[in-house]
Amino acid sequence: MRMDSLTGYIRFLSLTFAGLFAGFVNGVLVFELSLRNHGGSVYTQVRQIELDRLDILASVTLIPALVTTAILVALAVRGRGRAFWLTAAALVLLVAVFVTTLIVNLPINGVQVGWSVTAPPVDWADIRDRWQIAHAVRTVAAVLAFVLLVAATVVNAKQSFLHRHLLDGSQADHSAPARAYEGGRR
């Protein structure tokens, strides 16, 4: 397998996992915001249902996004062109998502899983707000990371096209006049 093919495959995986994660956290954000109109018992019950499996989905999308993006940065470090810097910025944002998750969201998840649905703690709304603010921050970071990865892919594709068709001398001979398109008529 050529290095370009391997890099392309890794770029595809990075985009896929980063896009899935960004979509996932965006959906959770919309869902969480809709819970703001409900009381502590409803919020607690829904959060405990969310915590049953959504952490797994977050892990199986964020961790591969981080790993594949880090590999892309490592593979492109010598070139340091625009695609490298866009990918590196995306990696920084994904690391920020991971750190925010570890420092804020996961500890709150651990507390919320033990709440009583019938008697949530008195400060449940303050805890909810801290979780939702941190989640909004990581959602924005995840979406921006995905956008940067898409931009890096576009830049990389343009650079590859230019290299293949213009810079390596394989372009067609433009000295002879081109045959006019006759639209299938003779």
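Visitor: Where do Glu50 and Arg47 lie, and how many residues apart are they?

Guide: This is a predicted model, and in it Glu50 and Arg47 both belong to helix H2. They are 3 residues apart, about one turn of the helix.

Visitor: What makes the contact of Glu50 and Arg47 a salt bridge?

Guide: The term requires a side-chain nitrogen of Lys or Arg within 4 Å of a carboxyl oxygen of Asp or Glu. For the side chains of Glu50 and Arg47 the N to O distance is 2.4 Å, so the pair is a salt bridge by that cut-off. Both residues are buried. Glu50 and Arg47 are also linked with Glu32 in a network of salt bridges.

Visitor: How many salt bridges does a search of the whole structure find?

Guide: The search finds 5 salt bridges. One of them joins Asp129 to Arg36, with the closest N and O atoms 2.8 Å apart. This pair links distant parts of the chain, 93 residues apart: Asp129 is in helix H4 (residues 124–167), while Arg36 is in the loop between helix H1 (3–34) and helix H2 (40–76). Asp129 also meets Arg128 in a salt bridge, at 3.0 Å from N to O.

Visitor: Why does Asp129 count as partly exposed, and why does Arg128 count as buried?

Guide: A residue is buried under 20% relative accessible area and exposed over 50%, with partly exposed in between. Asp129 has 22% relative accessibility and therefore counts as partly exposed. Arg36, at 37%, counts as partly exposed by the same rule. Arg128 has 7%, which is under the cut-off of 20%, and so it counts as buried.

Visitor: What makes H2 roughly antiparallel to H3?

Guide: Two packed helices are described by the angle between their axes and the distance between the axes. The axes of H2 and helix H3 (residues 82–112) come within 9 Å and cross at roughly 155°. Angles over 145 degrees count as roughly antiparallel, so H2 is roughly antiparallel to H3. The crossing of H2 and H3 is left-handed. By class, their contact has 17 nonpolar, 5 polar and 2 charged residues.

Visitor: Why is the aromatic pair of Phe21 and Phe24 called tilted?

Guide: A search of the whole structure finds 3 aromatic pairs, and Phe21 and Phe24 form one of them, at 6.3 Å centre to centre with 55° between the planes. Ring centres must lie within 6.5 Å to pair, and planes under 30 degrees apart count as stacked, over 60 as edge-to-face. Phe21, at 2% relative accessibility, counts as buried, and Phe24 counts as buried at 14%.

Visitor: What does the secondary structure of the protein come to?

Guide: The protein has 4 helices and 0 strands, and from the N terminus on its elements run α-α-α-α. Buried residues make up 33% of the 186 residues in the protein.

How values were computed:
Residues numbered from 1 in each chain as written. Predicted model: local features only at pLDDT ≥ 70, side-chain atom pairs only at ≥ 80, totals over all residues. Heavy atoms only, no water. Helix = DSSP H or I, 4+ residues; strand = E, 2+ residues; numbered from the N terminus. Buried < 20%, exposed > 50% of the residue type's maximum accessible area, 1.4 Å probe, protein only. Axes fitted to C-alpha atoms, helices over the stretch in contact; angles between N-to-C directions. Parallel < 35°, antiparallel > 145°, perpendicular 65-115°, else oblique. Left-handed = near helix turned anticlockwise from the far one by under 90°. Nonpolar A, V, L, I, M, F, W, Y, C, P; charged D, E, K, R; others polar. Phe/Tyr/Trp six-rings, centres within 6.5 Å; stacked < 30°, edge-to-face > 60°.
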